[in-house]
Amino acid sequence: MDFTFSPEQEALRDSVRRFVEREYDWDRRLAVIRSADGVDPAHWGTFAELGWLGAGLAEEAGGFGGGAVENAVIAAELGRGLVTEPFVGHVMAARLLAGSDRIEPLVMGETRIVPALTEAAGRGDWRVVATRAEGQVLHGTKTLVEGACQATHVLVTAHAEAGLGLYLVGTAAPGVAITPYRTLDNRRVADVTLNGAEATLLVAGAEAEAAVEDAVDHGMLALCSEALGVMEAALWATRDYVRVRKQFGTAIGNFQAIQHRMADMMIELEMARSILFHALGAAEVGDALARAAAVSAAKATFARAGVFVGAQAIQLHGGIGVTEELAISHHYRRLFVIARQLGDADLHLARFATAVDAQG
């Protein structure tokens, strides 16, 4: 397989990298995460203006002709800069609304719609749905909804007599309560409680289940790509540190034990990168079972490899590695959260096995 990016994908990567370098240096990031909203309100408009919000959708679906690879390119660079904007959630929302009359204002940044798919009982498993629908009225609570405080609408899964349904709910509608809080990695999420909230049914039954699985898989590909960017940033920051940190009159990077640990970090990073490329390829084939198996294999790999690389980076930095002012602690915390976001390693190993068995 050819893992070389096209000239257009290279240009996309460069544009995201320039944005991070210009608009998201360390001092500005600290100011953002210490703000009330945890995001810079101007950044989402920049994402839309530069075409990133539609880069991962085909033209016939209302996007700019890209796919999962374009989303991965963007997410990796955002991960490298620890950008707090909820891009992964946008990827899922765009997949769920692709081809509809709501996709144009979404990719132009005129509306903010985020997925609300997980519940406390599921522990990251979006397939566990206790929220119920009585006609067009919803009852239940969705948890860890990133971007809910800035959103105009949320996409909610709920069970009705006809089976699973995907609903669109206005965040300002009667019966909707949003309870925001901060996660370990300084992201802002919220619980969305629906107590008799009126909703619009978008799709139901087997079609809804397939649409949600497709959207979550593409979201996880973006999430794994973000983790790859975070891991790369942590690895190279650690390399730079061990080159200058001296002990016993020499840089600790000259010690063989340190070199071996750096090599282990590099191996985990490159193995994760390879399985991500495999999953990106599977997402383009159109086979739902093959995609599910490949994506869950990637998620399980990143859940383990990301925490390993982050923990080793902390260890090699020593005591300062856990301080708020040093970036490496933020890399570790983001990787720790990603390992559990949309399901942990155990959940995805089970999903991988089920998908492989179903393929025969």
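Helix 5 (87–97), strand 1 and helix 10 (327–338) each supply two or more residues to the lining of the largest pocket. Helices (H or I, at least four residues) and strands (E, at least two) are DSSP runs, numbered from the N terminus. The model is predicted, so local features need pLDDT of at least 70 and side-chain atom pairs count only at pLDDT 80 or more, while totals for chains, interfaces and linings use all residues. Residues are numbered from 1 along each chain as its sequence is written, and side-chain values use heavy atoms, with hydrogens and water left out.

The chain has a mean pLDDT (the predictor's confidence in each residue, from 0 to 100) of 95, and 99% of its residues reach 70 or more.

A pocket is an open set of points on a 1 Å grid over the protein atoms alone, where a 1.4 Å probe fits, with protein on both sides within 12 Å along at least five of seven lines; lining residues have an atom within 4 Å of a point. The largest pocket holds about 700 Å³ of space. Its lining comprises 27 residues, and Gly124, Leu144, Arg340, Gln341 and Leu342 are the closest to its centre. By type, the lining of the largest pocket has 13 nonpolar, six polar and eight charged residues.

The second largest pocket contains about 260 Å³ of space. Among its 14 lining residues, Val20, Arg80, Gly81, Leu82 and Ala233 lie nearest the centre. Helix 1 contributes the most to this lining, namely three residues.

Technical notes
Points joined across faces, edges and corners; volume = space filled by probe spheres on them. Nonpolar A, V, L, I, M, F, W, Y, C, P; charged D, E, K, R; others polar.
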